[in-house]
Structure formats: structure tokens, C-alpha cells
Amino acid sequence: MSNRRFHHVTNSAYWFPNDDEEMDRLIGQHFALKTLFGGNISPYVLNNIDLTQNAIVLDVGCGPGTWIMDTATEFPQSQFIGVDMCDIFPNNIRPANVSFQVGNVLERLPFQDNTFDFINARLFIVALKKEEWPILMKELYRILKPGGYLQCIECGMLDRGSEFIKMAGRAFTEIISARGQEPYVAFKLDSLMKNAMFNLTYFENKDVYLGRPDPLSKEFLWDGYNIFKAVDSVLAQHMGFNLETFPNFLDTLYKEMQGKPEATWSFSICIGRKTQ
């Protein structure tokens, strides 16, 4: 098992690495999600917000900044701000309309009320405990302008496929639950937004099939496999493997992800509007 690097933010529930290998995975995942949902920002939002007229956009939990730099290049007339609890931001290459700040959404972000036209928040599933989701939604509602939109994307669990796949997916689900997190938050985004006073405007769940030969399926196969690899020490301890046997589990997982019945993963997108 690898010697991975993790953050040291004491009040954060995030338990994935933040090393270069993980940044590579997040970058690949970004482009897979962009293809899956037909762009970085839902067409529904783009039909209602003009990002060619100096809009202000926030990417919360931006990580290495891949989404924000990609999107800022598409809309050079708007201003983009990325926030994350760890400074893993790019230092050398960034569009002129992008800036980054360190901040924790659970401790109030350093922005005034009604600041942003659009907020992007995705894959907080392993970053928040169940009781912290309403805090996230309330804070994003605060800093969003009236008429502005929040776009959230979250993944489901790997619970469809062979018996081996379902066993591996159960282990992941159990770990998330044991940490006080919500493994099925992707299917609760709509209610979380409504409870935070958002007007729910769009929700869609999409399946991805890890064993199919098309390029997008291969991207999600690579992402799914590397998620299990990224938290190898946690999974190995939970599943009763040791240093010598866990790589064999990963090898079998990779093969089973491409077998029958089809290993199926899902992602949900949910969009809410602040009305006042």
C-alpha cells in the first residue's frame, strides 16, 4: 500500500489524500464529469445567467482548481473565485480572471451576503458529516445573489454489478456511514436545497457503466478504481486485508468492474435558485 499524503485540518471530515496522485485523479474526474453532464455548467443555468457580462462565480471546495480554470477560460468576461480549506491551488498557470482563497465553508466563508451569481459545489460526499450538509447549504444561500444559482454534483455508491462489486461497494458505504457521513447524499440534494430555502429548478441522475468500451466509460473506470486505491489503508483495515493481500483485491476489483453483470455507478446533478 502506498504512503499517501493527507491534510491536517483538524475539524474537517475529509479523509481522502491531497497529494499529487490524488490531484491527477481529480483532474481526470473533472473531464469525465464535464462530458457526462454536457459541460462544466448545466445548460439550464446558462440559459438563465449571462456569464459573458461580468458575472461573479464561486467554486467551493475547488481542490486543484481544474473546474474553475477550465470554466474561466470559457467565460473570460466573468470573475471566478476558488475556495478550499487547503492551499493546493495552481501557482504558475491560471487565467487572469481566476483567484483563489483558503476558506472553510463550515466556519463562514470570507464573502459578503449576496455576492455570487453562480456557485459550483461538487463531491462533498467524503468531506462533510450528515449534520454539516445543512450548514453548507445555508452558507451558500447566504452568499448567493437573489436570482443566482447553485449547482451541486454528487456520486452514488457502487452497488450494482457482480457480487464482488457489491461487496466492495458495501465496504465503502460502511466506512462512509461509520464516519458519520451520508453515502446516499446524491439522492438527498433536492431536499437539502429545499430545506435551505432554494427553489429547486433541476435534478437529474445519470448512470455510468464501467465495463463499456467507450472513452467516457473508461474514464470513470479509471476514476472508480483509483478511488479505492486512494484510501487503500482505510479499506484494507475495514475489510481485513493486509499490506501483501490488498493489491490482489485491487486487481480483482479492476477486472470485476469490466465484467458482467455490468458494474454501474451513478452521479446526480441538482440545481437550486435563490429567489430572495
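**View 1. Asn54 sits in the loop between helix 2 (43-46) and strand 1 (56-60).** Helices here are DSSP runs of H or I with at least four residues, strands are runs of E with at least two, and both are numbered from the N terminus. The model is predicted, so local features need pLDDT of at least 70 and side-chain atom pairs count only at pLDDT 80 or more, while totals for chains, interfaces and linings use all residues. Residues are numbered from 1 along each chain as its sequence is written, and side-chain values use heavy atoms, with hydrogens and water left out. The phi of Asn54 is near 60 degrees, a positive value in a residue other than glycine. Most residues other than glycine have a negative phi, and most peptide bonds are trans.

**View 2. Leu123 lies in the loop between strand 4 (116-122) and helix 4 (133-143).** Leu123 is not a glycine, yet its phi is positive, at about 55 degrees. Is Leu123 buried or exposed? With 19% relative accessibility, Leu123 counts as buried (buried is under 20% relative accessible area, exposed is over 50% and partly exposed is in between, using a 1.4 Å probe and protein chains only).

**View 3. Here helix 5 (residues 163-178) meets helix 9 (residues 246-257).** Their axes come within 9 Å and cross at roughly 120 degrees (axes are lines fitted to C-alpha atoms, for helices over the stretch in contact, and angles run from 0 to 180 degrees between N-to-C directions). That angle makes helix 5 oblique to helix 9; angles under 35 degrees count as roughly parallel, over 145 as roughly antiparallel, 65 to 115 as roughly perpendicular and the rest as oblique. From helix 5, Phe164, Ile165, Met167 and Ala168 make the contact, and from helix 9, Phe249, Thr252, Leu253, Glu256 and Met257 do (contact means heavy atoms within 4.5 Å).

**View 4. Helix 5 also packs with helix 8 (residues 232-239).** The angle is about 105 degrees and the axes are 10 Å apart, and the two helices are therefore roughly perpendicular to each other. On the helix 5 side you will find Met167, Ala171, Phe172, Glu174 and Ile175, which meet Val234, Leu235, His238 and Met239 in helix 8.

**View 5. Take a look at the cis peptide bond that joins Lys260 and Pro261.** Its omega is about -10 degrees. Where is Pro261 placed? Pro261 is in the loop between helix 9 and strand 7 (264-273).
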